Amino acid sequence: MLLLPLYYLAPVSYYSRIYRTLLAGENFGFDPHDRWEKQTLRSRCYIAGPQGRMMLTIPVAHAERDQMPLLSDHGNWRHQHWNALVSSYRQSPFFDYYADDFAPHYQPGAHQSLQSLNRALHDVVWEHLGLGSVVAGSRPLPHSDEQREYYQVFKSRTGFLPDLSIVDLLFNMGPEARLYL
């Protein structure tokens, strides 16, 4: 069984790995012994902005040893992250289609812990990628570390930016997103 950490709006490569695992007929889960580490994808993600790759970081409150931290309201990050997503993706073909499913998770008080937020956002992504309906062995597994290019809003300015957050793929490719995993 593949055990993974639970990331904040994980990169495309993370979901590609999950998809290949499911196609191979294997299971995956989130590591119950996952330890909190600072400056990792547990509390940050990368999206496309007009100037290129943009990092969004969630401030967290200190936690007990070996526990996932609580979310901090320092810096009004929920509002800033949602505005960054809207600013970066409102012109993408599928932002309006998915926005209502992501927006509630950025409301004040929606989640108290980082793990709760990450799990809820993962569940939204899981549903929209249709990963629950993957049939093992349904197609060959070509493996490449290089990500296939897809449409990105700022591609003409920045070039293709690989391995951004999965929301970049979803907002830009919609129901076809799974084909790029």
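Analyst: Happy to, and one definition comes in handy at the start: two strands pair if DSSP finds at least two bridges between them. Please keep in mind that this is a predicted model.

User: Thanks! Through how many residues does the hairpin join E3 to E4?

Analyst: Strand E3 covers residues 44–49 and strand E4 covers residues 52–57, and the strands run antiparallel with six bridges between them. At one pair of positions, glycine 49 stands opposite glycine 52 in E4. The number of residues through which the hairpin joins E3 to E4 is two.

User: Is glycine 52 buried or exposed?

Analyst: Glycine 52 sits in strand E4. Its relative accessibility is 7%, and buried means under 20%. Glycine 52 therefore counts as buried.

User: Which helices and strands do the buried residues of H1 pack against?

Analyst: Helix H1 spans residues 12–23 and reaches 16 Å from its first C-alpha to its last, close to the 16 Å expected. Nine of its 12 residues are buried, among them Val12, Tyr15, Ile18 and Leu22. The buried residues of H1 pack against strands E1 (2–4) and E2 (28–30) and helices H4 (114–129) and H6 (166–173).

User: Which residue with a positive phi follows H4?

Analyst: H4 has 16 residues and reaches 22 Å from its first C-alpha to its last, close to the 22 Å expected. Its buried residues include Leu117, Leu121 and Val125. H1 is followed by glycine 25, with a positive phi near 80 degrees. Just after H4, a positive phi of about 65 degrees belongs to glycine 130.

User: Is H2 roughly parallel or roughly antiparallel to H3?

Analyst: The axes of helix H2 (residues 77–89) and helix H3 (residues 95–102) come within 11 Å and cross at roughly 170 degrees. Angles over 145 degrees count as roughly antiparallel. That crossing therefore makes H2, relative to H3, roughly antiparallel.

User: How many nonpolar residues are in the contact of H2 with H3?

Analyst: From H2, the residues taking part are Trp82, Leu85, Val86 and Tyr89, and they meet Phe95, Ala99 and Phe102 in H3. By class, the contact of H2 with H3 has no polar and no charged residues, and its count of nonpolar residues is seven.

User: Is leucine 9 buried or exposed?

Analyst: Leucine 9 lies in the loop between E1 and H1. Although it is not a glycine, leucine 9 has a positive phi of about 40 degrees. With a relative accessible area of 4%, leucine 9 is buried.

User: And what is the relative accessibility of aspartate 163?

Analyst: Aspartate 163 is found in the loop between helix H5 (155–158) and H6. Aspartate 163 is not a glycine, yet its phi is positive, near 55 degrees. Aspartate 163 counts as partly exposed, with a relative accessibility of 29%.

How values were computed:
Residues numbered from 1 in each chain as written. Predicted model: local features only at pLDDT ≥ 70, side-chain atom pairs only at ≥ 80, totals over all residues. Heavy atoms only, no water. Helix = DSSP H or I, 4+ residues; strand = E, 2+ residues; numbered from the N terminus. Expected span 1.5 Å × (residues − 1). Buried < 20%, exposed > 50% of the residue type's maximum accessible area, 1.4 Å probe, protein only. Contact = heavy atoms within 4.5 Å. Axes fitted to C-alpha atoms, helices over the stretch in contact; angles between N-to-C directions. Parallel < 35°, antiparallel > 145°, perpendicular 65-115°, else oblique. Nonpolar A, V, L, I, M, F, W, Y, C, P; charged D, E, K, R; others polar.
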